[in-house]
Amino acid sequence: MIPATFDYIRAGSVDEAIAALTEHGDEAKLLAGGHSLLPLMKLRLASPEVLVDLGRVDALRGVCELDDGRLSIGAMTSHQDVIDNDLVRQHCGVLADVTRKVGDAQVRHRGTIGGAMAHGDAASDLPAALLALDGTVMVQGPSGRREITAADLFVDYLSTSVNDDEVITEVRVPKLDGNWGWNYQKFGRVAQAWAIVGSLGLVKRANGSIEEARVGLTHMGTIPLRATAVEQALAGTSTDGIADAAEHAAEGTSPPTDLSATSEFREHLARVLTKRALQAAAG
Amino acid sequence: MTAVDTPTGSIGVTKLRKEDARLVTGRATWTDNVAAPGALHMKLVRSPMAHAKITAVDVSAARERPGVVAVYTGADLMDAWKTSLPSVWQVTADVKEPPHWPLATDKVRHVGDGVAVVLATSAGAVADAVDFVDVSYEPLTAVTDMEEALKDEVLVHDDAGTNRCYEYAWDSGNLDEVFDRADVVVTRRYINQRLIPTAIEPRAVVVQPDPTSGGYVMHSATQIPHILRIQLAIVCGVPEHKLRVIAPDVGGGFGSKLNVYAEEALALALAAKLGKPVTWTETRSEGYQATIHGRDHIQDLQIAATSDGRILGYKADIKADLGAYLQLVTTGTPMLGAFMYPAIYKMEAHGLKITGVFTTKTPTDAYRGAGRPEATFAIERIVDDLAAELGMDPMELRRKNWITHEEFPYDIITGLTYDSGNYEAATDKAMAMFGYDDLRAEQQQRRASGDPVQLGIGISTFTEMCGLAPSRVLGSLSYRAGGWEQASVRMLPTGTVQVITGTSPHGQGHVTSWSQIAADALGVDFDDVDVLHGDTSISHRGMDTYGSRSLVVGGYAVHSACQKVIAKAKRVAAHLLEAAEDDIEFANGTFSVAGSPDAKKTIQDLALAVFAAHDYPQDMEPSLDAEATVDPENFSFPHGTHLCAAEVDTETGRVIIRTYVSVDDVGRVINPQIVEGQVHGGLAQGIAQALYEEAVYDTEGNLSTGSLLDYYVPSAADLPHFETDRTETPATSNPMGVKGVGEAGTIASTPAVVNAVVDALRPLGVKDVRMPTSPRNVWEAIQAATNGGAA
């Protein structure tokens, strides 16, 4: 478990990191919490020549409220700090709840929200949550800053629309008012592992009916997905319709087959877990 | 059988483990920590193919890499071996024992088979350099399925002429008559899946040339320093007295370190060849390919019974996947279960056939339980299936057929003599703890209401044979070693005691338990006893630790050596107290003269007296030290009743164990906390087979579960609360009445859990769920049953 030789650059600022990325191009990789990249390097499945470490860029840590009413979470904020953050708990508790199910305690203390988005693993929990929240990431590169919606961020298996010379600096999520309920059904083989399938249900209730429903699916394709057919079927209906609506959960997905599940079983699980998530979220 | 009296002294009392302070504060000495200045780091070039001819190995580029000192191919090193790696159990006269060289020369036979070895000055340099060894392979067809292998269309070992390593067939009683007479015959095929032992500490070895002796000191993460020394002396041609093997702190084994591995032979041969220390530690993924696997049996069973539930006999046709080579006990592992298919049940006849099969997979060998978990799983599963067939309560069926406590000693149909046991007592206790009737009522309720989460109840009334001892019996089975154990006791002049044991603990707490045995026997303080082990220069004789033998044989040896010390001390006491030896009484460490309570000497007084040696009996040597080699007359037979209540989510296939009760009878207990720890760990490992773990190969022979990412070892978060208790029915084959506990939990728990899962799903038509009973396997079994197919 010894990685191939690499050079190490400790970035003191985002600008230094961008400069290093610009200089080394696709030979360089950003190091955040290291809980995906370093194992890949130790298994020699990845061997970047240069690591640019963001660990000392303190400006990338912490949570604040934006003028437009959203929350901004610094990309290098650890999962545990997201879980413990008062603003997150008060205004976007769903993010804290999903983050609580990421990995194990060690991963949550070292891994970062920005790193999870940059890795873009459809099997990890946070990308689907960002998608369901209609969140965004802010990226910064040589030509300035831009905001990427979650829908545009995840483009293919472990691949995002962030350019090689760009750094994710923030993750932005909306505040949810008190009418929203949520539940994340993470279904895995063991307590601390990736989900075989995960379904995050978010339900906004008004006058006894469902005003809006959103469903984020984990590990149902090469990228995180929304169960849009379920969402459409539920908009404006009563909670009695959840079971029927959830039957559409696997539509438009192309889940993988692996040792834990066939694609057929994943589709079945998506339906069951979406039903359970939405019923709990609406309840 | 009656329970033993309340123990006095140190035995039977929980003492905190002497080992733990250093283990939990990071001050243990693991093999990988052993400082060997100037050591060369070794790494093997391993085959990425399951089956291929080696057509060329080009090491020239690797030799030029920074830090590389030497690179050797298998052919380069053939002159280093006096013989191939050992297989010690010649199970049949015509067993095929193809050579197993530390590095492959002609062809590779499993993914991970060693092809070349690189030595470099650092771990990083050697990790970089192995990729520069260029091996040319001519691919051959992989054979991963035992039944395919038995067609002999592709041979793993060409010279053997067949993939059938051996066939062992044996029956007793009038089998045909019994099956003709039976009202009911239940036929089942069970798949006992392949498992990977996964000890926390990976395998590691360090060999240092010893200028003092002109020989070598080997540190190895092994369970068997004594056996390893003998075998490596033979394989490498190093004189036995020039090889010192040390097993320092060893972080678990479960059988995976009960072996003589290629890397150990290579490290010794290369240290000899280069005159430098050589160090090697496997990575986890490397270990998953190159350290033995366990289980992997196909078990075709038939059980015959009368309509009122009397078991008449069984036929068991067992195919055991041995993998590509014979490791130390590969052939014998299925044999350790061969005798145990009757379990606790009385019957008239049995028939057994074991076929050992070569495949292009990692070799299998003894994994916690070794043969007995396989047998126990099959028999306890089919007894449950028989109960379902008969419409009987599965516990009622067991009660009707088991050996009652009045019937011991009892000769079972396979010829073993069970010396003692009380299945009724353990079962009654377990049933009361479990709340069996209430759970059955809840089960009926859930079935009636069509609850998506069904409840199942699983039973395992297991027994096992352990304490690998009777050397004559082992000899009669063509096992090429004995089963005795050795201990010595040194009475130091200042009154403290050293015990030297031939067992080799790797987590079991022998230092603590053996201290308790010696303290209790000698009447000295627990803290005044230390236990030395795991170094062939300190403990010169031993048969090491496996098969739940350490206490039953090794602890007995400590007890026996202590009795010899006491006998010697008694003579010295009589001499010094000027009394007849027959008048000397010994209790709590003090020798006194009967009727003269003031005339006494403590055992410490006597240790000092013989050290000074100014005054001692003419006809004895001035020493109280003693050694003992014991060879018990029989195996020991722990038993118990395990009950599992499992909730099965029929929508997702998820199994959650709600209640797990175990009542084990491991005979007399030395340290209750250590016993409980062994039971907990054993349960975890057995439940892991039932619910989580499986080593999977694809059809090309690649290990698909090549790391802990895909091979699901459960953590504490995945396991239920264990409700454990005991009964104590002493063994009669040793004077301490102990039976061994290292494997009981693993053997018992797997069928208890799977029986519960199947019990939950029977109303859906499910008759079996393939292990592990993962969500996928449960869901697929439900799909198959409800779609009209067989589960």
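Predicted model: local features only at pLDDT ≥ 70, side-chain atom pairs only at ≥ 80, totals over all residues.

Author: In chain B, strand E27 (residues 655-665) is joined by five bridges to strand E28 (residues 722-726), and the two run parallel. Strands (E, at least two residues) and helices (H or I, at least four) are DSSP runs, numbered from the N terminus, and two strands pair if DSSP finds at least two bridges between them. Within this pair, Val663(B) has Asp725(B) of E28(B) as its bridge partner.

Residues are numbered from 1 along each chain as its sequence is written, while chains are lettered from A and ligands numbered from 1 in the order in which they are written.

E27(B) also pairs with strand E26 (residues 639-649) of chain B, in the antiparallel sense and over 10 bridges. Leu643(B) stands opposite Val661(B) of E27(B). The hairpin of E26(B) and E27(B) has five residues between the strands, and Gly653(B) takes a positive phi near 85° there. E27(B) is mostly covered, with nine of its 11 residues buried; a residue is buried if 20 or more other C-beta atoms, placed from the backbone, lie within 10 Å of its own, exposed if 12 or fewer, and partly exposed in between.

Elsewhere in chain B, an open sheet of three strands has the order E4-E2-E6, with antiparallel pairing. Strands E4 (107-108) and E6 (134-139) of chain B stand at its edges with a single partner strand each, so one side of each lacks a neighbour in the sheet. Strand E2 (residues 52-58) of chain B is joined to E4(B) by two bridges, and Ala52(B) has Val108(B) as its bridge partner in E4(B).

The largest nonpolar core has 324 residues, and Ala518(B) and Val757(B) are among those with the most contacts inside it. Such a core is a set of buried Ala, Val, Leu, Ile, Met, Phe, Trp, Tyr and Cys residues joined through C-beta atoms within 7 Å. Helix H16 (residues 550-577) of chain B gives the largest share of this core, 13 residues. Leaving aside neighbours within four places in sequence, Ala518(B) has contacts that include Val489(B), Val558(B) and Cys562(B), a contact being two residues whose C-beta atoms, placed from the backbone, lie within 7 Å.

Between the chains, 14 residues of chain A are in contact with 20 residues of chain B. Helix H12 (residues 263-282) of chain A gives the most to the side of chain A that touches chain B, with three residues.

As to confidence, chain B has a mean pLDDT of 96, and 98% of its residues reach 70 or more; pLDDT is the predictor's confidence in each residue, from 0 to 100. Over residues 1-8 of chain B the pLDDT is below 50, and this stretch has 11 contacts in the model beyond near neighbours in sequence. For the complex, the predictor gives an ipTM of 0.95 and a pTM of 0.96.
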